[in-house]
Amino acid sequence: MRRFPHLGHGIGLRPPHYQPLLQALRAARSPLERPVDWVEIISENFMVEGGNPRAVLRRIRAEVPVVMHGVSLSLGSVDPLDEQYLQALRALARDVEPAWISDHLCWSSFGGHTGHDLWPLPFTEEALDHVAARVLTVQERLQRPVLIENVSSYLQFAHAGITEWEFLSALVARTGCGLLLDVNNVFVSAHNHGFSAQAFLEGLPPDSVGQIHLAGHRDEGTHLLDTHDHPVCDGVWDLYRAAVTRFGGVATLIERDEDIPPLDEVVAESRRARALEREVLGALEPVGGPTVTPGVGARAHAL
Amino acid sequence: MPSEPRQGPSLAEVQALLYELMTAPAGVAPALAARGLAADALDGLIAGDHRLGAVARLDLYANMYFFRILDVLREEFPRLAAALGGDAFHDLITDYLLAARPAHPSLREVGARLPGFLRTHASGQAGGGRPWLAELAALERTHRELFDASDADPLTMAALQGLTPEAFATLPVRLIPAHRLLGQAFELSAVWEGGGSPEACPETLLVWRRDATVHHRAVTTAELAMLRRAAEPVTLADLCQVFAGARTETDDEALVAEAFQIIARWVDDALLTRA
């Protein structure tokens, strides 16, 4: 049995889509008519006391499952874990009851200061020991396994002794965490560093991936930049096909953070992902519909 | 792709060096030079290739650090940015990030110290600068903070109309949490609307959120007295007395009528809640 249920196909919840998404969800007469099966929120954007964001989130949560995706755990930082942030994350999770909580394999703070970015780690045994210990602590505080996402990167460290996929696989083995496989990030990093994206996928444990991200990027000539301001490109769709072939049906989400188009366009990409998944998996397993009803997701994942 | 373990710097050493270089105001190469290091000093740490060398790769992160925050602050302080102009706003944020390095996990908080910083910065000082810029920044920041401040159920006119006169007078009320009073030395309405230069004219602004929108307006001395009192639980009758105490007229009936007008406006503005 999967540790992280296949929620179906979703999108990242962004302010321009608050009202049209809510209207479309409420207008749906059955789950199959919903534009999305679930949504993902950026946790930090909802760590506020009130106002429109929290009100909209409550209404959407009443319609579909929600997962919480953070950008500030800074799992790789040598700074102590931010206890206040962890408390805020727990409080939000109590309110939202997310299907799961995720963050990134990166560091984003140093010396008590934060960079608001996802900085790459050297893939060394020292870093693995450090990140694994912190993931275990976070999981204990949150009382659930978390999903860890691979980031897009623009540099690698000369003294790294292991590959990113070896690092992630070891992290899963040591901590019991799951992986949020960002297929676009694999594509971008593979281009920027010259490794095989297919080798990345094949290097991950087949049952470790609980969620997939799809997004767009920009070609800057000397490198690919992870911008989330374009539709998913053909190369990333091809890699998604390979990911579905390897990992099976996995909850999949379209991310769009810049030049955000109307809701219909993002939903169309989500439906393309659903169709591709159905095509790859054929009749091997049921896919496409939400398998977790609103309100039960979080409880399904207690450690 | 890395294949063999190599002796290298510790994780703490890597992060200390990279944090310093990525957050340096002029980019990675000048920051290396300031440390007395050659331009190729990173080649043993960061694997470059024919497309991008080590410094260029780290510069991508340095640029993203600065421009992501600059974009967020430009969105949060659009009028300040317009009043300063693009280059001056860019320079202000460069100085701000050196003086007040972000420490909160949410980008929402990255501008929290900008109004205070402006009071000490050349562009916002009385000397060669424009001292009203700090007040403009404080107003924009307050709008941002109240946008997602705590919720409260506002008192409605229908609920008040259902009360007996005695119940009305003794009803305990208070202002909603999503409000703030700002004392200003300059009248900012022209610059808020997109033009002009503010005149020195002390005033107090009431800033509050109604539904999903934050508003502000100037208040009179008598209304200010009522607002300050209503920050804590108070009856509507007491509010009328506060209003009368702030005025010199002696026509009680007229004063009560005026006070009720203000209270009615507060109810229309969704400013009051049951205490």
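Predicted model: local features only at pLDDT ≥ 70, side-chain atom pairs only at ≥ 80, totals over all residues.

User: How many helices and strands does chain B have, and how spread out is the chain?

Analyst: Helices (H or I, at least four residues) and strands (E, at least two) are DSSP runs, numbered from the N terminus. Chain B has 13 helices and 6 strands. Its radius of gyration, taken over C-alpha atoms, is compared with a globule rule of 2.2 Å times the number of residues to the power 0.38. For the 275 residues of chain B the rule gives 19 Å, but the radius is 26 Å, so the chain is more spread out than a compact globule. The C-alpha trace of chain B spans about 85 × 45 × 25 Å along its principal axes.

User: Which residues form the contact between the chains?

Analyst: Two residues are in contact if their C-beta atoms, placed from the backbone, lie within 7 Å. Here 41 residues of chain A and 46 residues of chain B take part. On the chain B side, helix H1 (11–22) and helix H3 (54–76) each supply at least two residues.

User: Which residues touch the most other members of the largest nonpolar core?

Analyst: A residue is buried if 20 or more other C-beta atoms lie within 10 Å of its own, exposed if 12 or fewer, and partly exposed in between. A nonpolar core is a set of buried Ala, Val, Leu, Ile, Met, Phe, Trp, Tyr and Cys residues joined through C-beta atoms within 7 Å. In the largest core, of 153 residues, Val183(A) and Leu58(B) touch the most other members. H3(B) gives this core its largest share, 9 residues. Beyond residues up to four places away in sequence, the contacts of Leu58(B) include Leu155(A), Leu18(B) and Ile46(B).

User: Is Ala24(B) buried or partly exposed?

Analyst: Ala24(B) counts as partly exposed because it has 19 C-beta neighbours inside 10 Å. This residue lies in the loop between H1 and helix H2 (28–34) of chain B.

User: How do strands pair in the two chains?

Analyst: Strands of a sheet pair through backbone hydrogen bonds, either parallel or antiparallel. Two strands are counted as paired if DSSP finds at least two bridges between them. Chain B has an open antiparallel sheet of 3 strands in the order S5-S1-S6, with strand S5 (234–235) and strand S6 (272–274) at the edges. Pro172(B) stands opposite Thr235(B) in S5(B).

In chain A, strand S7 (residues 147–149) runs parallel to strand S8 and is joined to it by 3 bridges. Glu149(A) has Leu180(A) as its bridge partner in S8(A). S8(A) also pairs in the parallel sense with strand S9 (residues 209–214) over 4 bridges. In strand S8 (residues 178–182) of chain A, 5 of 5 residues are buried.

Note on methods. Residues numbered from 1 in each chain as written. Chains lettered and ligands numbered in written order.
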